[in-house]
Amino acid sequence: MDLSIASILTLDGLTNGAIYALLGMGIVLVFTVTRVIFIPQGEFVAYGALTLAIFQTGKTPGTVWLLLILAGVAALMDLVTTWRHSGSAAGGLKAAARTFVLPAIICAVSAWAGPRNLPIGVQALLTVFIVTAFGPLVYRVAYQSLAGASSLVLLIVSVGVHFAMTGLGLLFFGAEGFRNPPFWDERMALGPLNVSGQALIIFAMSAALIVLLYLMFERSLYGKALRATAVNRLGARLMGISTQAAGQLTFAMTALIGALSGLLIGPTTTVFYDSGFLIGLKGFVAAVVGGLASYPGALLGALAVGVIESFGSFWASSFKEVIVFTIILPVLLWRSLRSGHSDEEH
Amino acid sequence: MTFKKKTTLAAVLALMAMGMAHADITIGVVQPLTGPASGLGIPVKNGIMIWPKTIAGETLKVVVLDDATDPTTGVKDTQRLVTEDKADVIIGSSATPVAIPMADVTAEAGTPQIATSPASLPPGKDKWFFRMPQSNDVMAYAVVAHMKKQNVKTVGFLGYTDAYGELWLKALTAEAAKNGIKIVATERFARSDTSVTGQVLKLTSANPDAILIVASGSGAGMPQKAVMERGYKGKVYQTHAAATQDLMRTAGKDAEGTFVVSGPATVAEQLPDSHPSKAAAVAFVQGYEKVYGPGSRNQFAGHSADALTVLEKAVPVALKKAKPGTPEFRAALRDALEGMGRTVLAHGVLNWTAQDHWGYTTETGVMLKVVNGAFKVEQ
């Protein structure tokens, strides 16, 4: 091992780490606001990458129809709950329409755009819209009625959602993987390094998203409402913050993060319908390093995971995953020793 | 009255006897028609659908069941076929994890099983179990023979961490040792990995004359691209699981010049006339594509055509000993499969023996080269 190999490995690790960082932050975000350990985070990555890949083949991706069905189910649930709650059918219909209209418009536009071979930028934008729309709908259908349940129940629901999404992914995208064309096909020599344009895009996008998240939480009212919900759900409700709206907003954000990660990673590797799980799991390790609560902690954890993975694959490629997932043990040990006993619910 | 009764009885008995004499040969087919391996199972079923209606004058009764790429379903299907349908032979499954537990059922029932997947069984367990795909050893023979011709002295290995990678590493190690080729680096990766930069750096720093990538389908694209992007100048080899258009689809220009080992069936027209399988392969491709359209050929459809060739050779031998539908016929069929000798198929030359139920000879493997995004046979 010399300096050039080390720098190549570090760059590669940081590139992957930047993606894990985004996912780790999505997981922290969801956990703090809704107490859901969001295992299917990685599925949004695969959905993002593969939806764009199907657009590239000049077809309408199956995710569009799934979105439409999911929106229909969510709208029906809204109709029933509001009707029973307020006793007025008109109110129920209004609530259902509010849930249904936006996803339906996205579906209509996507179905129209599918066979038209639009420029890749437009297709990527559509992909982001489709996958982001999944977020609040998944929350509405799977989690909202259980919002008060223990985090263990929510974790089990997450496992179910993960299996459902992977299975549907297989149905829509098939067993073979896809590799998307790069958004910026450029390679720059930087000493021994050979930096690809795509890696630069990954860094830039990750940094931009992190700054955007920071600004949102610090400056906007919505962000502050989410933070309030994270600190104390009951208190937030007493202050007039809808925890349901907070949950849906959180899931929309995490789906957006997943979709963007999928677009970023699609051109650098072959993505399969089940690739998302492992990527999301590494994001989860990063989130655990941050104690499932700290964004900077998750960021540092993700970069560490990326670099350790990359060096691990150089030194002992057969044990790479073992090495990456074993990091979680000392981290948990250190965390539990430092914080004494847990003050979380049991 | 009594007389009439007697004749009726006699007629019924005679009919039954005739029914016995003309028992159909029941072919049980268990294939993944849904689930992750459906891409492999559906072509096998399609190939069986265009089989003739009879073998050696006996009518074929084909029962196709879907194992949904699920071992439990596959075992249930097999139990149904051996108990209810009294299948004389079971064909399947194309998914290795399904074919393996099926073997327990067929061995217990004493029914020959012709698997369309390269499933490994513990020694002694495959008495009733025959395989249509070529073993990795036969393919490794072709790869190493080609390397030797190209003056390759050192080779690096970059393969899956799963059973496929492991079997190939074993096969390559054995063949390379025989031919004086040294394996200088062994690196592993998983299909779901997002990057193999570390492994490729290690491989290229060992500077081997050739790199063998062991991956399957579209999973072969990512490591191929990584090796080329690192500026590797040596020869790159891929295995027969990567011999599909998915390699070019996922690796694009970086696949150019790669050597891919393959069975002869899918490149029928390009085979040199000297290749023993040329005629059989061309016949398979023409027959299959006449029904399912040009370009529809693939490896697994070839296995179903080959299974027919094998049965057409073994069934007449077994018929001499017993009637279909009986345990004796099944045992005779098994013996006939084992003793049928050198048989030329679309996928190569097969010679099953009591010791070897893989059985392809070293004439089988064909080396392809990617030229302008298509496979060309290396002469």
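Modeller: Of the 379 residues of chain B, 54% count as buried. Keep in mind that this is a predicted model. Chain B holds twelve helices and 15 strands. Its radius of gyration is 23 Å, close to the 21 Å that the globule rule gives for 379 residues, so chain B is as compact as a globular protein of that length. Along its principal axes, the C-alpha trace of chain B spans about 95 × 40 × 35 Å. Now the contacts. Among those in chain B with a separation of 6 or more, 67% join residues 24 or more positions apart. Chain B carries 39 positive and 34 negative charges, and their mean positions lie 2 Å apart.

Next, the helix. Helix α11 of chain A covers residues 275-289. At 1.5 Å a residue, its 15 residues should span 21 Å; the end C-alpha atoms are 22 Å apart, which agrees. α11(A) is mostly covered, with eleven of its 15 residues buried. Among them are A:L278, A:I279, A:K282 and A:V285. The buried residues of α11(A) pack against several helices of chain A, including α1 (3-34), α2 (41-56) and α10. Other partners of α11(A) include α12 (295-315) and α14 (328-339). Just after α11(A), A:G291 takes a positive phi of about 65°.

Definitions and conventions
Residues numbered from 1 in each chain as written. Chains lettered and ligands numbered in written order. Predicted model: local features only at pLDDT ≥ 70, side-chain atom pairs only at ≥ 80, totals over all residues. Heavy atoms only, no water. Helix = DSSP H or I, 4+ residues; strand = E, 2+ residues; numbered from the N terminus. Rg over C-alpha atoms; globule rule 2.2 N^0.38 Å. Buried < 20%, exposed > 50% of the residue type's maximum accessible area, 1.4 Å probe, protein only. Contact = heavy atoms within 4.5 Å. Lys, Arg positive; Asp, Glu negative; His and termini not counted. Charge placed at Lys NZ, Arg CZ, Asp CG, Glu CD. Expected span 1.5 Å × (residues − 1).
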